[in-house]
Amino acid sequence: MMRSLGDTKLLRLAATHGLLLDSHSYASLLQRTIHNRDPNSAKALHCHILKRGASLDLFAQNILLNTYVHFHSFHDASKLFDEMPLTNTVSFVTLAQAFSRSHQFHHALHLLLRLFREGYEVNQFVFTTLLKLLVSMNLADTCWSVHAYVYKLGHQADAYVGTALIDAYSVCGNIDAARQVFNGICCKDMVSWTGMVACYAENYCHEDSLLLFCQMRIMGYRPNNFTICAALKSCIGLEAFEVGKSVHGCALKACYDRDLYVGTALLELYTKSGEIAEAQQFFEEMPKDDLIPWSLMIARYAQSGKSKEALELFCRMRQSSVVPNNFTFASVLQACASLVSLNLGMQIHSYVLKVGLDSNVFVSNALMDVYAKCGEIENSVKLFMDSGEKNEVTWNTIIVGYAQLGDGERALNLFSNMLGYDIQPTEVTYSSVLRASASLVALEPGRQIHSLTVKTMYSKDIVVANSLIDMYAKCGRIEDARLTFDKMDKRDEVSWNAVICGFSMHGLGMEALNLFDMMQQANCKPNKLTFVGVLSACSNAGLLDKGRSHFKSMLQDYGIEPCIEHYTCMVWLLGRSGQFDEAVKLIGEIPFQPSVMVWRALLGACVIHKNLDLGKVCAQHVLEMEPHDDATHVLLSNMYATARRWDNVASVRKNMKKKRVKKEPGLSWVENQGVVHYFTVGDTSHPDIKLICAMLEWLNKKTRDAGYVPDCSVVLLDVEDDEKKRLLWVHSERLALAYGLIQIPPASSIRIIKNLRICLDCHTVIKLISKIVKREIVIRDINRFHHFRHGVCSCGDYW
């Protein structure tokens with residue numbers, strides 16, 4: 001009769017009349033408090049039990065224990081467990097699950113081990129709890145020993161135990177063992193199927209995942225939200241976006257399209273397939289009370305070059321009740337960096353400081369990237385120095401920042417420090433420091449970095465290999481660049497562009513064009529940069545007809561509209577070949593405003609061909625756009641000097657003085673044992689200047705004996721010929737060459753960098769010197785490389 005009364009009335013009646021209820025009634029009342037989510041009533045009921053001295057049986061005590069666990073009173077639950085006169089498997093499992101939920105994993109494991117030691121019944125619930133605990137403790141690789149015990153006790157066919165084993169094997173990557181467990185489950189339920197589908201998806205066996213998903217559907221099982229998420233992940237992994245849309249249909253039928261996890265997976269599907277508009281439409285239709293969809297959509301906008309949209313969505317998110325986290329800020333800052341928007345980046349930085357996320361490594365790295373890309377490298381360095389937690393991305397960001405700003409020396413120094421801190425470089429690190437080596441024309445550091453990539457197997461990475469090709473080409477080792485290219489297992493358009501541009505830079509035009517033919521045969525589609533390399537190759541080798549043909553084919557055969565770089569190459573090719581009328585006509589046909597580059601190219605050709613009238617027109621166009629361009633003033637002055645129009649020379653120099661335009665001094669440098677030695681024209685400051693002068697005297701005598709006659713016309717000064725002959729021998733490249741011949745071992749090439757175009761007389765005499773001293777001499781001037789061997793230059797005297 002008492003059991004038929006309401007639970008509340010029953011408790012009041014018992015309290016009023018001092019009645020004791022039986023264990024079953026107390027258990028029923030405790031379960032009612034759980035159902036009503038009323039922890040205070042549960043505690044009041046426990047007080048009543050204690051006051052009345054009621055003796056609960058083991059079943060009721062376990063219900064009381066579970067009540068405390070359910071209301072997260074884990075300390076009280078543990079205390080109650082210790083005071084229980086009797087315990088069983090249910091008691092141990094209940095408290096172990098409580099410890100696990102509160103992340104007290106070692107307490108949970110200790111409790112389960114005690115259960116085994118004290119001989120309690122080991123059932124399927126013990127195994128599922130233990131297996132989940134091992135996964136939570138990152139000890140999933142020990143699940144095989146639990147599996148053996150499961151098999152021994154005959155629980156291997158149980159669906160709950162089997163699913164827990166599948167999850168554990170999935171985490172440690174043992175897919176075959178997971179599939180064996182799945183096959184052994186007698187009565188597979190939806191959770192078992194989902195576990196196996198997810199196992200395949202998480203371990204990149206996407207085809208198997210989708211096949212099992214289809215099999216499950218054929219057998220009549222209705223997928224849940226987790227099954228659909230796993231199937232969508234496999235569709236993304238296989239780039240099977242149409243199949244993903246079919247899975248979307250399943251989600252719609254099962255009414256899971258508004259589920260947070262399914263919705264997020266669908267957003268990922270549509271953004272990865274490039275259907276940003278569809279992703280945006282789906283985003284607008286889904287619930288927006290969770291951060292995940294907002295963050296994902298902002299991130300995908302930022303990553304797909306839609307930075308403005310990312311910022312607009314972030315502003316919308318701020319108007320809602322959703323609070324951004326570190327990943328949201330990192331994506332928004334990526335958008336700011338892409339837009340090179342310093343003002344927006346600084347505003348986001350202030351917001352980050354306000355919410356206290358400035359110490360988060362992801363946010364800090366993104367802030368460093370913003371400042372670096374906006375040219376505020378000092379702010380990036382400050383963030384780098386203040387960062388308490390530095391990972392490889394932190395180091396990469398600051399190294400990339402310096403490399404992009406052209407400060408290769410600091411980038412290489414930071415790379416050395418990174419190695420000193422035992423931070424493992426990534427492909428981003430290697431490609432950036434190789435770029436820094438290329439910008440410094442620093443061959444030795446580049447070779448050392450190449451050795452490191454070989455040791456870490458990053459030399460097989462396509463991005464690193466492309467950077468190696470570029471580095472070797474820019475450091476004068478075109479043979480090594482080609483060798484690196486030939487060893488690549490896979491090549492993309494960047495690989496082809498790097499090697500084509502490299503051969504073009506070295507004046508090896510026919511080799512560059514042969515590589516272009518190979519690129520087409522390899523079904524790799526050329527892009528704008530490819531044609532810059534091809535047209536440069538034609539320009540550097542004087543291949544006029546081929547240049548015309550390739551320029552024409554850009555639009556006709558490949559649908560590539562020529563940009564200013566292509567027009568510049570063609571104007572230089574035509575002008576260098578003496579086709580001035582055609583060059584001027586081409587400039588007139590440019591569909592946009594011709595840039596300084598175009599007019600400079602034609603001006604350079606006018607200087608070579610001594611076309612003073614057209615040269616003046618070109619110089620006028622350049623100076624209208626850049627009035628303080630020193631190179632144009634100097635070239636115009638040189639043209640007047642060649643024509644011996646000294647009054648015009650004086651006028652140009654007076655104009656330069658009035659504008660405070662200073663001529664860039666000629667500078668050459670040569671590296672020896674990691675030290676760079678610089679020389680200017682007539683430089684006498686080097687410590688070894690006496691040895692250098694002695695070497696120059698010896699070279700002067702030897703070259704004269706070999707038939708060398710100085711070309712005094714290249715000295716554009718109004719002085720006597722004897723003085724001109726003396727001045728020729730103190731050109732910066734000859735000083736650098738003399739030093740190299742003294743200090744660099746005979747078996748090594750001498751590599752010289754010059755910031756201006758090498759003069760005609762130096763080119764002639766260095767050809768002869770290479771034959772006399774029987775050494776390879778490589779000079780990189782402002783336009784290209786010259787390889788001098790056995791009295792011949794690789795440019796074929798066309799430069």
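Lysine 272 and glutamate 268 are four residues apart in helix α16 (residues 260-272), so about one helical turn separates them. Helices here are DSSP runs of H or I with at least four residues, numbered from the N terminus. The two side chains form a salt bridge, with the closest N and O atoms 3.1 Å apart. A salt bridge requires a side-chain nitrogen of Lys or Arg within 4 Å of a carboxyl oxygen of Asp or Glu. Lysine 272 is partly exposed, at a relative accessible area of 45%. Glutamate 268 is buried, at 16%. Buried denotes under 20% relative accessible area, exposed over 50%, and partly exposed the range in between (1.4 Å probe, protein chains only).

The model is predicted: local features need pLDDT of at least 70, side-chain atom pairs count only at pLDDT 80 or more, and totals for chains, interfaces and linings use all residues. Residues are numbered from 1 along each chain as its sequence is written, and side-chain values use heavy atoms, with hydrogens and water left out.

The structure holds 26 salt bridges. Helix α22 (residues 361-373) contains both lysine 373 and aspartate 369, four residues apart, about one turn of the helix. Their side chains meet in a salt bridge at 2.7 Å, N to O. Lysine 373 is partly exposed, with a relative accessible area of 36%. In general, an α-helix has 3.6 residues a turn, so residues three or four places apart point the same way. Aspartate 480 pairs with arginine 477 in a further salt bridge, the closest N and O atoms being 2.9 Å apart. Aspartate 480 counts as buried, at 19% relative accessibility. Salt bridges with shared partners also join Glu242, Lys245 and Glu275 into one network.

Rings of Phe, Tyr and Trp (its six-membered ring) pair if their centres lie within 6.5 Å; planes under 30 degrees apart count as stacked, over 60 as edge-to-face and the rest as tilted. Phenylalanine 329 and tyrosine 351 form an edge-to-face pair, 5.2 Å centre to centre with 85° between the planes. This pair links distant parts of the chain: phenylalanine 329 lies in helix α20 (residues 326-338) and tyrosine 351 in helix α21 (residues 342-355), 22 residues apart. Phenylalanine 329 is buried, with a relative accessible area of 0%. Tyrosine 351 is buried as well, at 17%.

Phenylalanine 516 and phenylalanine 531 form another edge-to-face pair, with 5.5 Å between centres and 65° between planes. Phenylalanine 516 belongs to helix α31 (residues 509-521) and phenylalanine 531 to helix α32 (residues 528-541), so the pair ties together parts that are 15 residues apart in sequence. Both phenylalanine 516 and phenylalanine 531 are buried. Elsewhere, ring pairs link Phe81, Phe92 and Tyr120 into a cluster.

Helix α31 has 13 residues. From first C-alpha to last it reaches 19 Å, close to the 18 Å expected at 1.5 Å a residue; the expected span is 1.5 Å times one less than the number of residues. Its buried residues are Gly509, Ala512, Leu513, Leu515, Phe516 and Met519. Seen down the axis of α31, the buried residues fall within an arc of 155°, so they line one face of the helix. The arc is taken over the directions from the helix axis to the C-beta atoms. The buried residues of α31 pack against α29 (478-487), α30 (493-505), α32 and α33 (544-558), with contact meaning heavy atoms within 4.5 Å. Asparagine 523, with a positive phi near 60°, follows α31.

Most residues other than glycine have a negative phi. Glutamate 239 has a positive value, near 55°. Glutamate 239 lies in the loop between α14 (225-237) and α15 (241-253) and counts as exposed at 60% relative accessibility. Arginine 644 likewise has a positive phi, near 60°. Its loop runs between α38 (630-642) and α39 (646-659). Arginine 644 counts as exposed, at 53% relative accessibility.

How values were computed. Helices (H or I, at least four residues) and strands (E, at least two) are DSSP runs, numbered from the N terminus.
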